[in-house]
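Please look at the model below, first at one of its elements and then at the chain as a whole.

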Amino acid sequence: MYNQAYLIAALIFGAVWLVLFLIRPDLRREILSLSILAGILGPVSEHFYLKDYWQPQYFFPTSLRIEDFLAGFFLGGIAAVGYEVLWRKKHTCACNLSSNWILPVAAITGIISMVVLFHVFSINSIYSSIISFLLVAGIIYFKRPDLLNVGLGSGLILALTMFLFYLIYQGLFPGIIANWWKLGNISRILILGVPIEELLWGFSWGMVAGPLYEFAAKTKAG
């Protein structure tokens, strides 16, 4: 019944991604950079989520992880540039405000915290990833507090985008939340049928992805 639902979900996000890509040519490098990164991380992160958070059906063979890549790709791009598009921000130089060693430290911190929280402390994968994203975001903002508004805006935009998406998604595929999500493993707090964990995940991922390009490129949205 739901074998095409995951692919359709990715393509819905893809439509939003395409709009952002087309209307802001100046942000295309940023959106592609973060999309590729998040697309690669998508199948990797599912190693955790499939164990205790949700169990989607795949249209393509599971071993290919095409839907995981597409979902990560499009969500990464949306989180990267949503703030700049909605607030019509452009990049300006902030060449003296970042250090090259911070990003590797933040990435290693995120990976280690995810593994430790999940495998050592047996914390559900969705909460482990939210905590890990916030740790990485904290490192970024410690060095670049000027990017905090970008992160907060990006997090809120992605959380709202995901909330609106799930309202539509439940209309297209009634009962999918109860069917795919392992609600007994999480809070069971639903907002109009949407697990609050999805919104928290979107916000925390936006907090990381939103300012990541600006941090790496030593620019700021102004």
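In this predicted model, helix α3 covers residues 66-86, and at 1.5 Å a residue its 21 residues should span 30 Å, which agrees with the 29 Å that separates its end C-alpha atoms. Along its course, α3 bends by about 35° at Ala80. Buried here means under 20% relative accessible area, and because 18 of the 21 residues of α3 are buried, the helix is largely enclosed by the rest of the structure. After α3 comes Arg88, a residue whose phi is positive, near 55°.

The chain to which this helix belongs has 8 helices and 4 strands, and when these are read along the sequence they give the pattern α-α-α-β-α-α-α-α-β-β-α-β. The radius of gyration of the chain is 17 Å, close to the 17 Å that the globule rule gives for 222 residues, so the chain is as compact as a globular protein of that length.

The table collects further values for the chain.

| Property of the chain | Value |
|---|---|
| Span of the C-alpha trace along its principal axes | about 55 × 40 × 35 Å |
| Residues that count as buried, of 222 residues | 50% |
| Accessible surface | about 10500 Å² |
| Share of the accessible surface belonging to carbon and sulfur atoms | 71% |

How do contacts relate to distance along the sequence? Among contacts in the chain between residues at least 6 apart in sequence, 81% join residues that are at least 24 apart.

Terms used: Residues are numbered from 1 along each chain as its sequence is written. This is a predicted model: local features need pLDDT of at least 70, side-chain atom pairs count only at pLDDT 80 or more; totals for chains, interfaces and linings use all residues. Side-chain values use heavy atoms; hydrogens and water are left out. Helices (H or I, at least four residues) and strands (E, at least two) are DSSP runs, numbered from the N terminus. The expected span of a helix is 1.5 Å times one less than its number of residues. The bend at a residue is the angle between axes fitted to the seven residues ending there and the seven starting there. Buried means under 20% relative accessible area, exposed over 50%, partly exposed in between (1.4 Å probe, protein chains only). The radius of gyration is taken over C-alpha atoms; the globule rule is 2.2 Å times the number of residues to the power 0.38. Contact means heavy atoms within 4.5 Å. Accessible areas come from the Shrake-Rupley method with a 1.4 Å probe; for residues, only the protein chains shown count as cover.
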